[in-house]
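Me: I'd like to learn how to read helix packing and ring pairs in a model like this. Can we go through a few features together?

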Amino acid sequence: MKVHPTIIMTTQTEFSKRPEVTVDTMGKVHNPSGQGVAAFSSKKKTTNTDKSSSTHQPQKQNDHETRKIEEGSARRNITRKKTDSSTTGHYDSRNKKHGGAGKGKWVGGGNKHSDHLTLLDDELPLDENDPLYVAEEDADPSSYVLSSHETADELRISGAGPSAYDADNDKAVYGPMLTCAEFKIRVSDAVREYFDSSDADEVVRCIDEMKCREYHPEVVKRAISLGLDAGPRERELISRLLACLHPNPLSDDCLELGFEVLLDSMDDLVIDIPDAKAMVGSFLARAVVDEVVAPAFLSNRNNSHPGDCVVEKAVQLLSREHCTARLEKVWGPGDGRPVSELKSAMDQLLKEYLLSRELDEAASCVRELKAKHFHHELVKRGVKIAMEEDGRDHASKSSSLDAMAALFKFLVQNSIVSEFQVAKGVQRLEKILPDLKLDVPAAPSMLDEFETLAREQGFLHIPSGKA
């Protein structure tokens, strides 16, 4: 279709005759009267003119305010307001917004009682339909307490007083101050320190300061378990500790419950300590003798768990003649007893050896003494007893002096008694030889014979005449 050029020219001519629509003429071209159009004052026009002219002025490089690039455009240059790291060398986090209303505060809308998040500083009324709602907390918001045990709420609601006070949080604590795992660790540390110091009062003070009555039965289990891994001295200390802990801070119920927990865990203890059942039975019998545990506990345990070998062992020890005197020394001579009692134990085992001549049994008894530093006394007393047994007749092949030399040779070869202790024992025997001659006139010759046997058998290395 071809358009006539006259028509095009006419249209362009008419369009060019139309007045230009500007801000000043807007509303007047098609509305000559100007009705309905708000008039601009001269002050407003001046302000707009100043703003318009200011947009074309060069701005500073570090000016971060929002600015208009060109008039009439929606495109803007928006820069995050923060400290310029190139100028200061570090970032200033104070200009950063934390959450909706700053650090530690969250808001939702303008109403703090809305369904959205609200300010944490403003306490909202508690919901009575909440399963954890407590009326006292709604009346007094400062009545919140700290607890670490499942019965803490029951204690507080029942009206019982707080068991402790947490100074860090400024709150009363209902229930134990520590968790069960923390309590066990502290009790273990206290018992290990007790093995070194033998101060039972310090252990009692430590348990009182922890304020964890709910975990007191664990003291019995932890103490005896540590004693099983140690020697006779430590087991004797544990038996004395249980007597010191009763009745305060450990009551009768706590001790009985502690032994029940220990007996229930015997299967695990036997894996690491094969003799655990026999030793726990000795602990239980000793506790009955020390009046720490009532004898009725054994019968009740036997009725609820018939055939318990630990209880049967305790009953067997308590059924012997003079059981009280025997159980006081149930852990043997190496339990830290006085030197006089240790000497009596040595005399007893040496005399039994001369009757039985069993080296293995005698070596086992020497190990149980747990007195390596005192083995020189064993040598001294052994040779002296052999001299008294032989008297004048010491020439026979089955003499006690030969048997005693065979015993010390066996002990040295098995690293039970050191050669230094043998030499020291012989030297001490030389010092008391004048007194020994009053009872055994042939003592000097018998001592020389023992030294000769010892050198020949290789367990004495001091030169002759220097003993």
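This is a predicted model: local features need pLDDT of at least 70, side-chain atom pairs count only at pLDDT 80 or more; totals for chains, interfaces and linings use all residues.

Me: Which residues of α18 and α19 meet?

Reply: From α18 you have L378, V379, G382, V383, A386, E389 and D390, and they meet S400, L401, M404, F408 and L411 of α19. Sorted by class, that contact has eight nonpolar, two polar and two charged residues.

Me: F408 is in that list. Is F408 buried or exposed?

Reply: Buried means under 20% relative accessible area. F408 has 0%, so it is buried.

Me: What about ring pairs, then? How many aromatic pairs are there?

Reply: The idea is to check the distance between ring centres, which must lie within 6.5 Å, and then the angle between the planes. On that basis there are six aromatic pairs. One of them is F283 with W331, a tilted pair with 4.6 Å from centre to centre and 50° between the planes.

Me: Where do F283 and W331 sit in the chain?

Reply: F283 belongs to helix α12 (residues 276-289), while W331 is in the loop between α15 (323-327) and α16 (339-356), so the pair ties together parts that are 48 residues apart in sequence. Both F283 and W331 are buried.

Me: Why is the pair of F408 and F450 edge-to-face?

Reply: Planes over 60 degrees apart count as edge-to-face. The planes of F408 and F450 are at 85°, with the ring centres 6.4 Å apart, so this pair is edge-to-face. It links distant parts of the chain, with F408 in helix α19 (residues 400-413) and F450 in helix α22 (residues 443-457), 42 residues apart. F450 is buried too, at a relative accessible area of 0%. Ring pairs also bring in F459, giving a cluster of F408, F450 and F459.

Me: Let's finish with a loop residue. Where is K211, and how exposed is K211?

Reply: K211 lies in the loop between α7 (200-210) and α8 (217-229). With a relative accessible area of 42%, K211 is partly exposed.

Notes: Residues are numbered from 1 along each chain as its sequence is written. Side-chain values use heavy atoms; hydrogens and water are left out. Rings of Phe, Tyr and Trp (its six-membered ring) pair if their centres lie within 6.5 Å; planes under 30 degrees apart count as stacked, over 60 as edge-to-face and the rest as tilted. Helices (H or I, at least four residues) and strands (E, at least two) are DSSP runs, numbered from the N terminus. Buried means under 20% relative accessible area, exposed over 50%, partly exposed in between (1.4 Å probe, protein chains only). Contact means heavy atoms within 4.5 Å. Ala, Val, Leu, Ile, Met, Phe, Trp, Tyr, Cys and Pro count as nonpolar, Asp, Glu, Lys and Arg as charged, and the others, Gly among them, as polar.
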